[in-house]
Amino acid sequence: MSGHPEIERESMDYDVVIVGAGPSGLSAAIRLKQIDPDLSVVVLEKGSEVGAHILSGAVLDPAGLDRLIPDWRDRGAPVTTEVVDDNFFMLGAAGQVRIPNALMPPLMNNHGNFIVSMGNVCRWLATQAEELGVEIFPGMAASRVVWEGGRVKGVVAGEMGLASDGTPGPNYEPGMELHGKYVFIAEGARGSLAKKIIAALKLAQGHDPQKFGLGMKEIWEVRPEKFRKGRVVHTMGWPLGRNAGGGSFIYHFENNQVLVGFVVHLNYANPHLYPYMEFQRFKHHPMVAELLEGGRRVSYGARAITEGGWQALPDLAFQGGVLLGCSGGMVNVPRIKGNHNAMMSGIEAAEAAAAAIASGREGDRLAEYDAAVRGGAIGADLRAVRNVKPVWSRLGLVASLMLGGIDMWVANLTGWNPLGTWHHGKSDAAATGKAADFAPIDYPRPDGRLSFDRLTSVAFSFTNHEESQPCHLRLKDPAVPIAVNLPQFSEPAQRYCPAGVYEVVNDGPTPRFQINFQNCVHCKTCDIKDPSQNIDWTTPQGGDGPNYPNM
Amino acid sequence: MKILVPVKRVIDYNVKPRVKPDGSGVDLADVKMSMNPFDEIAVEEAIRLKEQGVAEEVIVVSIGVRQAQETLRTALAMGADRAILVVAADDVHQTTEPLAIAKILAAVAAEQGAGLVIAGKQAIDSDMGATGQMLAALLGWGQATFASKIAIAGGRATVTREVDGGLQTIDVALPAVITTDLRLNEPRYASLPNIMKAKKKPLEEKTAADYGVDPAPRLEILATREPQGRAAGVRLASVDELVGKLKEIGVV
């Protein structure tokens, strides 16, 4: 929809066009140039700089990095805080119970992993890629797919300066068509181009629906006496209880900075649930408050996460390109990790594409990439834990810890899952229940010290959008929010959006739906969770969106 | 005529600055940096003058850390012809003050034979608002500050200035220093094809010593503090309660 197909654009041909400078896209770029320095590789990034839109926990399993750049330690990779202490707690409203590490399946052990800022890891990967001759263009959003029949031939990137009605404004730049022998889609969870390609080419057919979580994260500078470099804490239980699956992470990173995050599985039924407020409330748990008290929050952000795992992996290869990392969905839910798989998927795709190009192929389906993901290390990682999420969704947290835990234990020891393969039920949107069937939840007001109102938090994502452009959050039917979602679901967009983009305003005879798109932090939750599937998240002008520091 | 445009790499205007724990300044670690918005306006104006045929060449110069290369590349992608980077600091927290900057710029302007300098009226980080004026004094040129409109003809510039409560139009002989205000123009986007081309445009690297200027600061920063946070409000149930509270604090 974005832009004007009739507009003449310059075009450029590359061997490989990569959409997204995240861990998968950059790993692919680096591997391509390692294999053949003569390959022309371009990476497009919608963030104002590499890392600006990266948000991850993150405890990094260096498996992917080891494979990509074995001497990463000598090359100054910002991967220096080794996990020294791994804790898992079940929270109640006032206390906590520690689950002994001995009970945790070994694959959940974080020994040998690192607490990192993936934003900074990506910035570093970008310098490595540029040294190898990769062209990286931040601030250039890939807004459309260039099709040639059923083949993805390239993308349109860098269209800027559209007026709010969608016509070219005074500073209009049409952007360019970038054509590739292969196009790698590496947009992360629920990418706007990936979504279109998956639908157009029916790549999800025969697979379970993709499942998602909403991850919110804050960086806190805590008092030095509270800081324990390398400590990892995960919690489950309070405050979500039975309302939703999810949990928290607390990572003691570096320079007295603690990374505090909260994940809510988006298949929750109660439309009154307010994930952002659950996160804010969580910080008042005595165990967390004690850590944060006297500190200051320096950054906030949010991003959807894929949770469908093995069963929900779509076909990863299509004519002309592939899906990398979380464009396909490669997060290992119980390990709460996906970066290692993202990087390895980039490596696999690069190896497949480089071999294909060397043998004179182009624009076809890289079936060998799909096979390498499923049959290789990524598949093994995801297959072993494939039942945790569906068991959790159907039987709840305790059952998932026990039954899913047993399944993981056995899989860990024998490579065989006693539960077989459980399937994901409905999509997250369809899992949303009717407002009348659930009690509203009363959330405490933020206190301005440990917890904050949503708009204050958004200011800490440093997000901005050129206000004269068309709204990038498109409603398929503008009547639906007020006519359908409000009466049936109490319009949950008001609550699930972690940036306060959606409001129902009562300033006239009838309520109206307002979209404050400037607040958007590009998490994609609205596109996933809207029960009417009426919101289409498209990319705004390049350079817009959050300006995350070391997220 | 050659136009010289100084551009400064500053903390991005979207970022909420935070003070370093020791109060010695603003923490720039892991912070997004970009071109000072007033300098972007200056670059745009210079390019427009070139497009109008008034200038033959637009030279951008940045003084500071090596990372300012990125800022210069942005200016080149907008349409500047070539760039000069004067390395005067090796740590991002090291500041170079307006006087040292003005001295270096004066030397660059002389070396390049510039007929006009268009600079931002101030940088959004230190808010000194002094470099342009100092530069004019050092060069012995006329100056027109806070410009919202520039017209050049016959070796003179007619400049509309934003002053308190209105606009003032002045006429200065060239060469001169003009500093830009917000309403002068709306800078163009650096387009993808132009960014690609900008990678091939010349960027010369110099040091402060090449121009015989000592960039060491003369000012000492005693303390940097963040503004006091606002205390949380309370929600009152009735007008009477509000009146009561107002009486309590003695404002009614």
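A residue counts as buried if 20 or more other C-beta atoms lie within 10 Å of its own. Keep that cut-off at hand for this tour of a predicted model.

**Whole chain.** Select chain A. Its C-alpha atoms fill a box of roughly 65 × 60 × 45 Å along the principal axes. Switch to cartoon: the chain has 17 helices and 24 strands.

**Domains.** Colour by the domain assignment. Domain 1 takes three stretches, 10–70, 119–207 and 314–383. Domain 2 takes 81–114 and 211–308. Domain 3 is 387–421, and domain 4 is 451–537. Select domains 3 and 4 of chain A next: their centres, over C-alpha atoms, are 36 Å apart.

**A:Thr539.** Go to strand S24 (535–537) of chain A, then step into the segment after it, where A:Thr539 sits. Is A:Thr539 buried or exposed? A:Thr539 has 22 other C-beta atoms within 10 Å, so it is buried.

Show what surrounds A:Thr539. Neighbours within four places in sequence aside, its contacts are A:Lys46, A:Ala141, A:Ser143, A:Ser192 and A:His472. Finish by drawing a C-alpha to C-alpha distance from A:Thr539 to A:Arg144. The two lie 395 residues apart in sequence but 9.2 Å apart in space.

Technical notes
Residues are numbered from 1 along each chain as its sequence is written. Chains are lettered from A and ligands numbered from 1 in the order in which they are written. This is a predicted model: local features need pLDDT of at least 70, side-chain atom pairs count only at pLDDT 80 or more; totals for chains, interfaces and linings use all residues. Domain bounds come from an automatic or database domain assignment. Helices (H or I, at least four residues) and strands (E, at least two) are DSSP runs, numbered from the N terminus. A residue is buried if 20 or more other C-beta atoms lie within 10 Å of its own, exposed if 12 or fewer, and partly exposed in between; C-beta atoms are placed from the backbone. Two residues are in contact if their C-beta atoms, placed from the backbone, lie within 7 Å.
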